[in-house]
Structure formats: structure tokens, C-alpha cells
Amino acid sequence: MGNESWTAVPHLTTALTGPLLEIEAHLLQNQAGIERWFRSQWQQTPAPFYCSVDLRNAGFKLAPVDTNLFPGGFNNLNPAFQSLAVQAVQAALERICPSAGGVLVIPENHTRNTYYFESLAALVEILTLAGLRVRVGSLLPDVRESRIIELPSGRRLTLEPLIRESNKVTVAGFDPCFVLLNNDLSGGLPAILDNLEKPLVPPASLGWWKRLKSKHFAHYQQIVKEFSDIVHLDPWLMNPVFRKCGKINFEKREGEDCLANYVDEVLAELRVKYRDYGIEQEPFAIVKADAGTYGMAIMTVKSADEVRSLNRKQRNKMSHLKEGQAVHDVMVQEGVYTFETWGAKNAVAEPVVYMIDRYVIGGFYRVHTDRRPDENLNAPGMHFEPLAFAETCTFPDPQQAPDANPNRFYAYGVIARLALLAAARESTKEVASGK
């Protein structure tokens, strides 16, 4: 599948309200150079198998705020363009295992999360359509025999017990070409997955037991500096300011001064930028765990005093992640407003872009009717609105305004691919270090 056979971002018809972005105009003007640059980057650093990126569009700024290497929302993508995902999987297989006949998928340990199982079933369907035999091997100790799960969508999943044979992991009667992780390993690296002979994709070292968001955004920061030379934009317009703060214990109120000082630093830097660009909104910061997902251990602050005055309930909320993991490392990240809205109620929305290999395969809006533009939307009460496609193979339209639908979504795809490239460099460094 060549780079010229289909565009990186499909034409989208979803109409949203939102301000015109100067960044969109710059990206359109430099499209040829951007795509050439990306091609050269993928030759140097292969993309991860899959990835999803949460973006925030503030009008004056468009930036990623989270990058997930074990995405779990495939059921929210538009099924009409499943072929894009299938083609992308086939491209990835050429690099990972050209003779691939089978893949073993290792899912999350959710047992009651129907939404996750719908995503897993959608992923299995994509892999199957790409020409793979697919089996799903569960890490759960109570899965001792095949377990069939019937889903509301009409899909069906079969979970099988995972087996370790020497330095291979499999399920009964199956010899996969590679193992696809769809488990972020928040609870640690299980012994059954350690030191495997066959490729584990993505590498286990990119699970949350070892990966840090601050390392990812350090790579992203460097990439944006390189990229800004092509598009002639201030890197800040695409890059959230951040600081890392370790040795935090919210329950014992240890490390509060470190955290408060970094909040002060980030907000001071933002005030200068807001003043330079004539931005009238009040700057804010996001304090989040440096590892983990699911919108846990995250809060919005507008002053360092808010960190020092957390009540017991707030400290408890910030102390633990998925599977009860304690929070020790924290990242203070620039808060990026989202001025995207959805529907008659003008619900706050943010785009989530999905990629397989180096290709954008679609995305959706995370929508929350009870959250403000300066709040995290990955919280109870959110829902998803799939992005609607008009055509599968249209490029951005330079004849239209910068914030016209195809052009806005081209911009989303560019920024998401910058985060994907950061994840690729992150992965390459982990593998090279032997971790």
C-alpha cells in the first residue's frame, strides 16, 4: 500500500462550531512538505501497530493531551470505513510478520465492561478482515476454558485461557505469528508475558507499569521543534507545556511544595504566551498521574494554592489509578481549552483520532454535557459521537476556508500523527535499551 493510494485523513462531514485556526491555514499551505517529511520519518522510525490520540482545539492552539498505545474504542469508529483500518493492518503486517497467518490478542482484564468487549470485538473483526486467524487469550486466572461472550451489537467474542509453553505464549492448538497486546499492563508485567520469543506488539515496556507520559511528551516536544521549521509556526501552538514531579504522596501530603512550584512555573509560562497572543481566557493547568489512563487521578487547577488546599476526598481521588495502583509520579501539563461543541445543547467536545500503523483510520468526538471547556472530558457521563465520512479518498481542499470540514480534520490528522511519531521514537528507544 503506497503513500499515494489513499489520503492520510478521510474527508469528514461532521459539522461543528469552532473558531478558525491559524494553524490550519499553515498546515494547508505546507501540505506537500508535511507529507514528504512524514514519509521520511516513518522510514527512520516505524509507527506503533496502533494508537489513539486525544486532542484539544482551543482555536488559538491545537495540541494532543494524551496518547494511548493500547486503544479501546474501536466500536466508536464509523463502520462504513472499516476498509481503511483493514488496509492499515495489512501495511503493518508487511513489517511485523509478512507471512502472518494468525495473531493472538491479549485483552484487558475487564469482566463486566460491555463497552470494552464491543471494542475488542470490533478490533477482532478488523484483524479477521485483514486476512488473519484471530484468537483471544485472557490473562484472567478464572478463565480455565473457552468462554463465549454475546454482545448487544450482535457480535460474539470467545475468550480462551492463555498458555505459556517454554518461551512462547499461546492458546490451545494455535501457533500465532505475533501477539497483539490490547492490555495497558497498569497492574504490572505478568510473568507469563516476560521474555517471549515471538514479537509482543506493542512491546510490554510501553505498558503503564513502565511507561511515563512525561517521556512521551519530551519526545513530542522535540518533534514539534523539528516540524515547526516546515510549517513556520511557533511550536507552542501545537505543544502543551509540561513539567514532571516525582515522589508524590497525596494521602500523606508529601511532595506538595514540588507540585505547587511546578504549577506556578507552568501558569507563569502560559501567562506570557497568552499576553503575547492577546488571549483573554484564564490560563489553567492539568495535574495528572504520569502513568495510567481511564481519566483517573486528574484535576484542573488555576493556581498553586489549589494544590496546597486539597481536601481529603480530592487527595484520595488523586492517589490511585486503575487496578488500585498508587500514584507516585505526577505531570503538570498546560491546560488546553476545547472550544469544540456538539449538538443543540452545545455540549463540550474533543476529537479522538485513531491510527493503525502510520495511517489515520478515523476517530470520534468525546462529548460531555456537564463539563466546562477547561475540564477533563474523560469522565463518567461522557459519550461518543463517531466522525462521519463523506468520501474515503479526498485530500484537504485548498479552495475552501481553513476551518472547512476536510481542512479541519486534516489538521487533526497532522497533529495526531506528530504524537504517533513521538510514540514511535519512544518505542524505538525502549526496544534499543533492551527494556
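The questions below set some computed values of this predicted model against their cut-offs.

Biologist: Why is Asp-290 called buried?
Modeller: Buried means under 20% relative accessible area. Asp-290 has 0%, so the label applies. Asp-290 sits in the loop between strand S13 (285-289) and strand S14 (298-301).

Biologist: What makes the pair of Asp-290 and Ser-214 side chains a polar contact?
Modeller: The limit for such a pair of N or O atoms is 3.5 Å, and these side chains are 2.7 Å apart. Beyond its neighbours within four places in sequence, Asp-290 also has contacts that include Trp-208, Lys-244 and Asp-329.

Biologist: How do you know that a disulfide joins Cys-97 to Cys-177?
Modeller: The sulfur atoms must be within 2.5 Å, and here S to S is 1.4 Å, so the pair qualifies. The torsion about the S-S bond is about 70°, so this disulfide is right-handed.

Biologist: What makes Cys-245 and Cys-258 a disulfide?
Modeller: Their S to S value is 2.1 Å, within the 2.5 Å cut-off, so they count as well. Cys-245 belongs to strand S12 (residues 242-245) and Cys-258 to helix H6 (residues 256-277), 13 residues apart. A search of the whole structure finds 2 disulfides.

Notes. Residues are numbered from 1 along each chain as its sequence is written. This is a predicted model: local features need pLDDT of at least 70, side-chain atom pairs count only at pLDDT 80 or more; totals for chains, interfaces and linings use all residues. Side-chain values use heavy atoms; hydrogens and water are left out. Helices (H or I, at least four residues) and strands (E, at least two) are DSSP runs, numbered from the N terminus. Buried means under 20% relative accessible area, exposed over 50%, partly exposed in between (1.4 Å probe, protein chains only). A polar contact is a pair of N or O atoms within 3.5 Å; within protein, one must be able to donate a hydrogen and the other to accept it, and residues adjacent in sequence count only if both atoms are side-chain atoms. Contact means heavy atoms within 4.5 Å.
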